[in-house]
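Thanks for coming. Please look at it first.

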Amino acid sequence: MRTIRSAEQLTGYLQQYQPHPGGVLVPTMGALHQGHEALIRQAAHYAQQHNIPAGCVVTIFVNPTQFNEPQDYQRYPRTLEQDTIRCQNAGAKTIVAPTIEMVYPKGLDAPAPTLPAVAKDKGLEDQYRPGHFQGVAKVLQNLFTMLPPTAAIFGEKDYQQLLLAQALVRQLNLPIEILPGPTVRDHDALALSSRNRFLSGQQRLAASAIPQALRNAHDQPTIARAQAAMHDTLAHLSIEYATIRHAHTLETLPPDTPQDATCPRRAIIACRLGDTRLLDNAPWPLPPDSPLRNL
Ligand code: AMP
């Protein structure tokens with residue numbers, strides 16, 4: 001495995017792996033955990049199955065433009081040494097940890113892409129993190145230009161971001177397959193997140209209400225009842241949203257929509273514990289093989 005940190009190293013690398021030096025790309029901000037490792041394993045496996053020479057390429061870049069709170073950017077953990085070990089163990093072939101100038105080359109930058117419909121006016125991350133998705137769309141456009149991949153993997157954990165990535169490649173007409181990666185969870189089913197380390201012991205215990213809310217929603221006969229069950233379960237946390245949406249468009253649906261309706265739906269939650277925001281989501285109702293069913 002090699003690590004690329006400078007423009008010079010990148011140039012040599014790009015020549016070696018044209019036309020798809022991005023291989024199967026796993027974009028991350030570092031502070032890697034087992035959730036990222038699972039995405040890397042999935043990417044390495046996909047690359048092997050599809051004979052993609054560049055293999056799994058992990059980018060580690062704390063993207064300043066997607067942080068709507070300066071303090072969140074400052075305190076975001078930077079752990080390249082440990083991240084390198086995790087990438088290696090999970091089967092990555094290359095890490096690209098670029099400088100800001102490599103991602104945002106002065107004077108050469110293309111205009112920011114128009115935000116796809118899934119990333120605006122939904123009352124979800126688009127509302128609670130103003131400017132966040134503009135930053136995500138821009139960094140993805142630039143990463144896909146810097147390291148054109150064959151495919152890229154995004155975690156379902158950041159569900160609206162996954163839909164944004166899918167819509168963005170369609171909109172920009174990029175021949176990149178966007179693959180979803182299942183959410184990896186802790187022993188109590190809390191979704192792993194680089195931000196979980198900021199939780200106090202008490203907050204960490206309280207956070208298990210989030211997967212439990214997804215579980216409790218599953219038992220309810222209608223969207224209205226399922227949303228109420230999530231709010232009840234999360235009553236001790238500060239809820240930003242706990243809602244059930246169309247799984248592809250993120251549009252709201254009639255509250256009396258029954259569980260057995262045919263359209264794909266997703267239960268989506270964001271909560272705040274002190275200064276830390278936690279996200280989670282799952283299909284509603286839960287599929288038979290969901291680990292959340294056993295809570
Ligand atoms: P980030 O943690 O923001 O650097 O995310 C990098 C990628 O890892 C994104 O595609 C996330 O959706 C994904 N990811 C984050 N947490 C998890 C998790 N618990 N399970 C699977 N993927 C995850």
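Are arginine 204 and aspartate 188 buried or exposed? Both are buried, where buried means under 20% relative accessible area, exposed over 50% and partly exposed in between, with a 1.4 Å probe and protein chains only.

Before going on, the conventions. This is a predicted model, in which local features need pLDDT of at least 70 and side-chain atom pairs count only at pLDDT 80 or more, while totals for chains, interfaces and linings use all residues. Residues are numbered from 1 along each chain as its sequence is written, and side-chain values use heavy atoms, with hydrogens and water left out.

Now the overall picture. The protein has eleven helices and nine strands; these are DSSP runs numbered from the N terminus, H or I of at least four residues for helices and E of at least two for strands. The radius of gyration is 19 Å, close to the 19 Å that the globule rule gives for 295 residues, so the protein is as compact as a globular protein of that length. That radius is taken over C-alpha atoms, and the rule is 2.2 Å times the number of residues to the power 0.38. Of the 295 residues, 54% count as buried.

Back to the charged pairs. The whole structure holds 14 salt bridges, each a side-chain nitrogen of Lys or Arg within 4 Å of a carboxyl oxygen of Asp or Glu. Arginine 204 and aspartate 188 form one, at 2.8 Å, N to O. Arginine 204 is in helix H9 and aspartate 188 in the loop between S6 and H9, so this pair ties together parts 16 residues apart in sequence.

Aspartate 280 and arginine 185 also meet in a salt bridge, 2.8 Å from N to O. This pair links distant parts of the chain, with aspartate 280 in strand S9 and arginine 185 in the loop between S6 and H9, 95 residues apart. Aspartate 280 counts as buried at 1% relative accessibility, and arginine 185 does at 19%.

The loop between strand S6 (177-181) and helix H9 (201-206) also holds alanine 189. Leaving out residues up to four places away in sequence, alanine 189 touches Pro211, Asp280, Leu292 and Leu295, a contact being heavy atoms within 4.5 Å.

Arginine 277 is in strand S9 (residues 276-283) and glutamate 125 in helix H6 (residues 125-128), 152 residues apart. Both are buried. A network of salt bridges links Glu69, Glu125, Glu240, Arg272 and Arg277.
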